[in-house]
Amino acid sequence: MRVPLSWLRDYVDIQQTPEQLAERLTLLGMEVQGLEQWGADWRSVVVGELLTVEKHPRADRLHLTTVNIGSGEPLHIVCGANNIAPGQRVPVALPGAVLPGDRRIERTEKMGIASEGMLCSGDELHITSDAEGILILPPETTLGVQLSDLYGDVVLDVDVKPNRGDALCLIGLAREVAAATGATVRWPDIAVREGDDPVSAHLRVEVREPELCTRFVGRWISGVKIGPSPDRIQMRLQAAGMRPVSNVVDASNYVMLELGKPTHTFNGAAVRDGTIIVRRATPGESLETLDHVQRELTPDTLIIADPHGPIGIAGVMGGADSEIADDTTDIAIESAIFDPVSIRRTGHRYALRSEASLRFEKGQEFQLARIAADRVAQLTLAWSGGVCARGRIDTAPDEPAAARLAFRPARVRKLSGAEVSAPEQRDLLRRVGVETEENGASVQIQVAVAPQPLRVDAGEEEVLVAVVPTWRRDLAIEADVAEEVARVRGYETTPAHLPDTLMPAYRPSPLAVRNMLRSTLAGAGLSEVVTHALVAPESEPRLRWPSDDDLTGVETPESGSLITVTNPLSSQHSVMRRHLAASLIDVLALNERQGRGDVAIFEVGKGYGRVDGRSREWTRLGILLSGNAQPPSWNRADRQYDLDDAKGIVELLAKRLGLPAPVYRADDRGFPFHPGRALVATSIADHEAVVGRVAELHPDVLEQRDLRSQRVIVAELAIRGLDAGVPARVHVEPIPRFPEVERDLAVVVGEAVDAATVSATISRNAGELLRGLRLFDLYRGAPLAASEKSLAYRLVFGARARTLTEAEVDEAVARVQAGLKSELGANLRS
Amino acid sequence: MDFETLSGDLHRLRDRALEEIATSSDPAALEALQIQYLGKKGDLTAVLRGIGALPPEDRPRVGAVANEVGEAVKAALATRGAELHGQVQARRLASEAVDVTLPGRTVGRGTLHPIPETVEAIAEVFGQFGFVVYEGPEVEDDLTNFQMLNIAPDHPARDLWDTLYVDIPGYLLRTHTSPGQIRVMQSTRPPIRALLPGRCFRYEAVDASHGFEFFQVEGLMVDEGTSMADLKGLLDEFAHALFGPRKTRFRPGYYPFTEPSVAFDVQCVVCGGAGCPACSRTGWMTILGAGMVHPVVLQYGGIDPEKYQGFAFGMGVERIANLRHAVPDLRYYLENDLRFLEQFR
Ligand SMILES: [Zn+2]
């Protein structure tokens, strides 16, 4: 809320500088987010007196003027306005002045005659809304004074929190200033000079929804003359960020800013039969609102109507037909209390949220309906003339007494942790208008209200009763009183100490496995990325990353349909991703655009899906490798990333998790994978598992995404423990005490036989003496046939408790050789 | 053959050997000399073959001379051998000299992303004070995200959280990590000290200081006497750990799920409190919001608000990371330009 300091001073004395005041208010919870020098645009705009005003010889619509600005020769200024006459005092923008909207004033020539500046309208200065005529200043205004010195102000931008609707006005903030400084709040004198005929002769009000409109106060004024508000009022409204409209409308807006109570004035002639009905809209009804939009009204909309139809949407916006117009003579003033929830829903329904509806939504002090009706009437009479009918229409004249809220001073101390005595608590509360009473008898304490009201017996504890001012609708439970005490005392005085209460039981961190794998991958040369969970809807269908259907051992398989955001900010981020691959490809694309093709990245991120009307989330590890594994360097040959690098990483992760070496199974589905370079990796033990896909992307994917990279390797792995888990414990094998025996074996097989099959055959036939098996060479070419390859393995044999004999080893190797021959048709070279 | 002749031969042999040893130029030649003079079929052996022709009384004398000659040759061989070895090694080392100012061979170039790293830094500090990590779902139900946090469907405070809704009735993308408070309270009993990091979402246009996806860390502590003073004490330690020693303060804040609510400010990390554009000339920077858990929230968590009380706090991970690393633009984090990420190596 914008608060012009000069206006605020009407209600409370302020000794502090604006900066000091801002700090005090901020520490009291009314955060001042900015201090604006209002009128800073008016430098080089000075007060001048018109000496002469003559017709321009060559243009009927222009005048030649001479202006005395208090010093030097009179200035010659050409002016197009018609409201000027000699003797008037007017604002003069001198050459070099810069007006609002960055408008520069220079010495110019208009139709052959030089002009040494410009006479300004209120609109040009953003002081009033009058763009027709020059702003005529009071005759006593000193000549030559800068306008910024005359009308400049400091405007505080206060962030009023949603629970403090009572402070969304000048009186409310004056109360806060008073609480901070000890000053006293001055209310305006509100009194209405009434005529003889009763209001009931002009206006009847029927509230058909007393739940939604708990009070309606109406007043009637006849014979107003519509015109602009006094300049001083227009300036205030402008500074507060509200555009002046006309004297009657401005009176309503002024009262909203002053008291925080929105009101509405209807053109009396448009209230047919002089009858206002507050009711819900009926199906098929529509209304053209003030913004000239024809709106279909839904039946749950609370409206203001006359016997012939709607004339306004209650609390949100009036109807165009009942708008105050230049020829309006009679007005009806509505000052009502509406149900906050109903107003809020209506505002959302029609996407219409106004300064008025924002205040209604936060709830309104009941008394304000009466006070504001009087205040609007008073200001309207002062600014627009007319006669106010005697009395008010009031549908609920009984005003509630102040609520009483019992609290335990000891409990206030216990919450705040500060030693605040009961007398000090009472003093602090008094500063925000909360009187307190001692309470002899034991009394119930309100610990919580809806939805689970909780009242407890205070027992023997000391209890005080706070008398809550009617405007403080936010004080409802004991903790609210504690907050008020702490707030006024100053949160900056809160003592600090470390907790000395019981510690919770041990709980393993769900981040443990994730962090172990993250640091492993970073150590292996990959950079961690964090990408958006919200992706474009075409992202997954375009990539066609396979589902988890053919994976076994995945704890939380990817599943369900895409979750879609129903109110997305942009179509690029409107669905929740199920896989990480597309996001990683996006990162590659971005870095390629920056000229960076060597990309080795990983992300530990979530996938999201909808299953049976519920959402599911799972955590995966995504890896992407592209470009140089080793960048070219003077001391090392460069090398491109390939599938083996990704498999090496999977093997490393399996080791870190204490899992057996992963088993690889070819996946020849083709797009989005290279049909000959894609696989499923599986490594499962009792409690841990790494399962997922490792593949080089199909060239069509690279083309589709306009990637320059020749080969892009992507992996997505489901790893048990990524969501929450404990890193695997290592079980130590005793170091062999007896020598091990190594044998090398070259196995020649057809191309169709894959390495996994060969090594599985070796392991199966070797028996329990085989302790290690490692592929150390892969050979193709002469003397082998074109369709053959040779795989060279080193087999390590050993036994825990004895030295093996040559014969034992020979026998095992022979079994292996026989198995390879009979099962795979292998030839053996040595 | 007499003693004089034989010892003369031995001395000549010695002189010749010493001469040749001294002038030999490589270890192989030296090796050959050793064999030539001291080998089983070497010159010294050959000379001593004449010893049998001497009278018995002269034999020991010749033996002594032969010994002396043999030792002299051995010593010369050893000396020259050491010399030659030194020369060879020196030549090799000289030839192997490199420009030691050349850069080394790069090892690894992986980095960890500042968001999870900052979460780790935060968890590390609170972990020392007994706070354990929990995680909650990101696709959250309206009840837990709002209503159980004392934000009814038509509460005006809902405007504080511009929400992204999803096509599952009753669900939304969590707007903060605070629903985790409810989930923790429902799953465990006091004493509670919990930390809840995670991704959050809001309907917010992207610019240098806003994004529709961001990360928060929530903290929750509930016990019989947990007070604002405990909160202040812990947050002071936290600010000290992450930003070094500096002044801190509470000022009033507003959250529907805490009562009282505070904002926690630290002395500006840029200007140290003197006032600068980064702190809007106030000298203070707000790093998180906090407060005492509202009784209604405790009730929804199944905890008796008359018996227990506690505090909660919530901070933006990006905000903390920005201040720690002087990151100028929030968009850096989810964009993943390696020129940004690799600065964290
Ligand atoms: Zn600063």
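Eleven salt bridges are found across the interface of chain B and chain A in this predicted model, and one of the pairs that can be named joins the side chains of A:Lys606 and B:Glu138, with 3.6 Å from N to O. Across the boundary between chain B and chain A there are also 42 residue pairs in polar contact, counted where both partners have a pLDDT of 80 or more. On the side of chain B that touches chain A, the largest share comes from helix α8 of chain B, residues 228-243, which supplies eight residues. Sorted by class, that side of chain B has 44 nonpolar, 20 polar and 30 charged residues.

The contact as a whole takes 94 residues from chain B and 103 residues from chain A. The size of an interface is often given as the accessible area lost when the parts come together. Between them, chain B and chain A bury about 8400 Å², and 57% of this area is on carbon and sulfur atoms. Of the area that chain B buries against chain A, 9% is supplied by B:Arg109, B:Asp154 and B:Glu306, a contribution greater than that of any other three residues.

From the interface one can turn to the way each chain is divided. Chain A is assigned six segments of its sequence as domains: domain 1 is made of residues 2-39 together with 154-181, domain 2 covers 43-151, domain 3 covers 194-394, domain 4 covers 404-493, domain 5 covers 512-719, and domain 6 covers 741-829. Taken over C-alpha atoms, the centres of domain 3 and domain 5 of chain A are separated by 61 Å. Chain B, for its part, is divided into domain 1, residues 3-95, and domain 2, residues 114-341, and the centres of these domains of chain B, again taken over C-alpha atoms, are separated by 90 Å.

Salt bridges are also present within a chain, and the structure holds 91 of them over all chains. In chain B, B:Asp43 forms such a bridge with B:Arg16, the closest N and O atoms being 3.0 Å apart.

Some backbone details deserve a separate look. In chain A, the peptide bond from A:Ala782 to A:Pro783 is cis, with omega near 0°, and A:Pro783 lies in the loop between β43 (770-779) and β44 (788-797) of chain A. In chain B, a cis peptide bond joins B:Glu259 and B:Pro260, where omega is about -5°; B:Pro260 lies in strand β7 (residues 258-267) of chain B. A:His126, a residue other than glycine, has a positive phi, near 60°, and is found in the loop between α3 (122-125) and α4 (147-151) of chain A.

Among the elements of chain A, the lowest mean pLDDT, 81, belongs to strand β9 (residues 108-110), whereas the highest, 98, belongs to strand β31 (residues 527-528). For the complex, the predictor gives an ipTM of 0.87 and a pTM of 0.86.

Technical notes: Residues numbered from 1 in each chain as written. Chains lettered and ligands numbered in written order. Predicted model: local features only at pLDDT ≥ 70, side-chain atom pairs only at ≥ 80, totals over all residues. Heavy atoms only, no water. Domains from an automatic or database assignment. Contact = heavy atoms within 4.5 Å. Buried area = accessible area lost by both parts, 1.4 Å probe. Salt bridge = Lys/Arg side-chain N within 4 Å of Asp/Glu carboxyl O. Polar contact = N/O pair within 3.5 Å; in protein donor to acceptor, adjacent residues only side chain to side chain. Helix = DSSP H or I, 4+ residues; strand = E, 2+ residues; numbered from the N terminus. Nonpolar A, V, L, I, M, F, W, Y, C, P; charged D, E, K, R; others polar. pLDDT = per-residue confidence, 0-100.
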